[in-house]
Amino acid sequence: VWLTHRVPLVRDRPWHIPWQSPARHRRSRAFGGMVFFTVFATIDSLTLLFAMTGLNAASGFALKCIADLEHDLTNATDFLASMKLSGKVEVVFIAINFLACLPFLGNWWMVPPQFLWVAFKAFRMVTGADGITEKDAYQKNIYLKHRKIHTMSLFFYLISWFIYFARAMTAVMDIHVHGISPYD
């Protein structure tokens with residue numbers, strides 16, 4: 001009898017396993033979408049945390065360079081080279097942060113302050129307000145103005161870092177809550 005029974009073809013049952021129902025197949029597809037969004041949110045959260053960590057480092061390095069110049073621990077040429085490096089690193093991490101925030105435009109309260117900060121930094125870069133010349137490097141009012149801007153940057157980045165850290169840890173825990181971790 002079991003040899004005469006017709007086994008259904010794969011094309012007859014798109015879920016490929018004879019004992020599963022179509023309803024179970026629909027649930028697994030929905031679960032697959034949830035897995036995708038959970039993994040995407042985790043990757044994005046870790047990317048945001050990475051970008052903000054880099055921005056904190058760049059801002060801290062710029063403040064260190066200004067303090068070294070202020071206390072005569074470096075010369076103007078080394079100061080300008082260090083500030084140029086710090087500026088380049090900051091631009092790279094601002095771009096990473098901007099791109100990682102784009103998918104959440106209009107859906108997350110942290111995106112508008114981040115985009116306003118990007119606009120502020122871009123405006124300063126385009127107008128040349130971030131630049132220091134070698135002859136102006138030792139003028140107290142010039143480097144104090146830059147120190148004020150970089151201190152403001154550091155505080156903004158630190159606040160954002162704590163929020164991004166909480167978001168990243170929540171996203172990692174979300175993987176375990178939904179049971180898609182290999183350790184569950």
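Visitor: Why is Lys135 called exposed?

Guide: This is a predicted model, and each value is computed from it. The relative accessibility of Lys135 is 69%. Exposed means over 50%. So Lys135 counts as exposed.

Visitor: What makes Lys135 and Asp136 a salt bridge?

Guide: Their closest N and O atoms are 3.7 Å apart. The cut-off is within 4 Å, between a side-chain nitrogen of Lys or Arg and a carboxyl oxygen of Asp or Glu. The pair meets that rule, so the name applies.

Visitor: Is Asp136 buried or exposed?

Guide: Buried. Its relative accessibility is 19%, and buried means under 20%.

Visitor: How many salt bridges does this rule give?

Guide: The count comes to 6. Asp68 with Lys64 is one of them, with closest N and O atoms 2.5 Å apart. Arg124 with Asp130 is another, at 3.0 Å.

Visitor: Why can such side chains pair at all?

Guide: Opposite charges can pair when the charged atoms come close.

Visitor: Where do Asp68 and Lys64 lie?

Guide: Both are in helix α1, residues 22-70. They sit 4 residues apart, about one turn of the helix.

Visitor: How do you know that Asp68 is buried and Lys64 partly exposed?

Guide: Asp68 has a relative accessible area of 17%, and the limit for buried is under 20%. Lys64 has 45%. That falls between 20% and 50%, so Lys64 is partly exposed.

Visitor: What labels do Arg124 and Asp130 get?

Guide: Arg124 is at 9%, so it counts as buried. Asp130 has 31%, so it is partly exposed.

Visitor: What is the pattern of the chain along the sequence?

Guide: It reads α-α-α-α. The secondary structure comes to 4 helices and 0 strands.

Visitor: Which residues of α2 and α3 meet?

Guide: From α2 come Glu90, Val91, Ile94, Asn97, Phe98 and Cys101. From α3 come Val111, Gln114, Phe115, Val118, Lys121 and Met125. By class, this contact has 8 nonpolar, 2 polar and 2 charged residues. The two axes are 10 Å apart, at an angle of about 145 degrees. The crossing is left-handed.

Visitor: How do α2 and α4 cross?

Guide: Helix α2 covers residues 76-101, and helix α4 covers residues 140-177. Their axes come within 14 Å and cross at roughly 35 degrees. This crossing is left-handed. On the α2 side the contact is made by Met83, Glu90, Ile94, Asn97 and Cys101. On the α4 side it is made by His150, Ser153, Tyr157 and Tyr164. These residues divide into 5 nonpolar, 3 polar and 1 charged.

Visitor: What makes Ser86 buried?

Guide: Its relative accessible area is 2%. Buried means under 20%, so Ser86 has that label. Ser86 is in helix α2. It touches Ala58, Phe61 and Ala62, leaving out residues up to four places away in sequence.

Visitor: Why is Pro112 called partly exposed?

Guide: Its relative accessible area is 45%. That lies between 20% and 50%, so the label is partly exposed. Pro112 is in helix α3, residues 111-127. From Cys101, Pro112 is 11 residues away in sequence and 9.4 Å away in space, C-alpha to C-alpha.

Visitor: What is the phi of Asp72?

Guide: It is positive, about 55 degrees, although Asp72 is not a glycine. Most residues other than glycine have a negative phi. Asp72 is in the loop between α1 and α2. At 60% relative accessibility, Asp72 counts as exposed, because the limit is over 50%.

Visitor: How much of the chain is buried?

Guide: Buried residues make up 32% of the 184 residues. As for contacts with a separation of 6 or more, residues 24 or more positions apart account for 77%.

Visitor: What is the mean pLDDT of the chain?

Guide: It is 83, and 78% of the residues reach 70 or more.

Visitor: Where does pLDDT stay under 50?

Guide: Over residues 24-28. For that stretch the model has 1 contact beyond four places in sequence.

Technical notes:
Residues numbered from 1 in each chain as written. Predicted model: local features only at pLDDT ≥ 70, side-chain atom pairs only at ≥ 80, totals over all residues. Heavy atoms only, no water. Helix = DSSP H or I, 4+ residues; strand = E, 2+ residues; numbered from the N terminus. Buried < 20%, exposed > 50% of the residue type's maximum accessible area, 1.4 Å probe, protein only. pLDDT = per-residue confidence, 0-100. Contact = heavy atoms within 4.5 Å. Axes fitted to C-alpha atoms, helices over the stretch in contact; angles between N-to-C directions. Left-handed = near helix turned anticlockwise from the far one by under 90°. Nonpolar A, V, L, I, M, F, W, Y, C, P; charged D, E, K, R; others polar.
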